[in-house]
Amino acid sequence: METSINENFQNTELNMVMDRLNIVRAEDGEDSIFGVDKFSALFDEQPSLQEVKETFDVFDEKKDGFIDANELQRVLCRHGLKEGCELEECRRMIRAFDENGDGLIDFIEFVKFMEK
């Protein structure tokens, strides 16, 4: 059985996603359908190192240069991501990118995560 995927977004859907990501989009007067290719183009631009650092700092609530599972859990829950509300799930996420096995994500590991 083949599933059809709607490859367009209504402006209201796009605005909801953009608001959640804190991305401001100028109104361009185009119609209310926004295609996947146009949506993907919004994310083609690479973030600056400063933007990556600012994002890291959101997670690094203790300002100790590391993101631990508790910090990750608090931020993900605060932003309504139910997958991140379980501490064990946050530990699993950290392990996936924790190259030195210390149970923490440092800035270098975070940059590598962002590159993926």
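Predicted model: local features only at pLDDT ≥ 70, side-chain atom pairs only at ≥ 80, totals over all residues.
Contact here means heavy atoms within 4.5 Å.

Residues are numbered from 1 along each chain as its sequence is written, and side-chain values use heavy atoms, with hydrogens and water left out.

**The H4 and H5 axes**

Now show residues 69–78 as H4 and residues 87–97 as H5; their axes come within 9 Å and cross at roughly 115 degrees. H4 is therefore roughly perpendicular to H5. Angles of 65 to 115 degrees count as roughly perpendicular, under 35 as roughly parallel, over 145 as roughly antiparallel, and the rest as oblique. Axes are lines fitted to C-alpha atoms, for helices over the stretch in contact, and angles run from 0 to 180 degrees between N-to-C directions.

**Zoom out to the chain**

Switch to a cartoon of the protein chain, which has 6 helices and 4 strands. Helices (H or I, at least four residues) and strands (E, at least two) are DSSP runs, numbered from the N terminus. Trace the chain along its sequence and the pattern reads β-α-β-α-α-β-α-α-β-α. Of the 116 residues, 23% are buried; buried means under 20% relative accessible area, exposed over 50%, and partly exposed in between (1.4 Å probe, protein chains only). Among contacts with a separation of 6 or more, 37% join residues 24 or more positions apart.

**Two annotated stretches**

Next, select residues 47–82 and 85–116, which UniProt lists as "domain: EF-hand" in an unreviewed entry. UniProt positions are given in the numbering used here, feature names are shortened, and annotations may be inferred rather than shown by experiment. Residues 47–82 are 58% helix and 6% strand, with the end C-alpha atoms 26 Å apart. Residues 85–116 are 62% helix and 6% strand, and there the end C-alpha atoms are 23 Å apart.

**On to H3 and H6**

Which residues of H6 does H3 meet? Select Leu-49, Val-52, Lys-53, Thr-55, Phe-56 and Phe-59 in H3, and you will see them meet Phe-107, Phe-110, Val-111 and Met-114 in H6. By class, this contact has 8 nonpolar, 1 polar and 1 charged residues. The axes of H3 and H6 (residues 107–115) are 10 Å apart and pack at an angle of about 115 degrees, so the two helices are roughly perpendicular to each other. The crossing of H3 and H6 is right-handed.

- Thr-55 sits in H3 (residues 49–59) and is partly exposed, at 30% relative accessible area. Draw a C-alpha to C-alpha distance to Met-114: 10.0 Å in space, across 59 residues in sequence.
- Pro-47 lies in the loop between H2 (36–41) and H3, partly exposed at 41%. Its C-alpha is 9.2 Å from that of Met-114, 67 residues away in sequence.
- Lys-112 belongs to H6 and is partly exposed, with a relative accessible area of 35%. The C-alpha atoms of Lys-112 and Phe-97 are 8.1 Å apart, with 15 residues along the chain between the two positions.
- Lys-63 is in the loop between H3 and strand E3 (66–67), exposed at 54%.

Stay on Lys-63 for the last stop, and check its backbone. Most residues other than glycine have a negative phi. Lys-63 is not a glycine, yet it has a positive phi of about 55 degrees.

Definitions and conventions. Left-handed = near helix turned anticlockwise from the far one by under 90°. Nonpolar A, V, L, I, M, F, W, Y, C, P; charged D, E, K, R; others polar.
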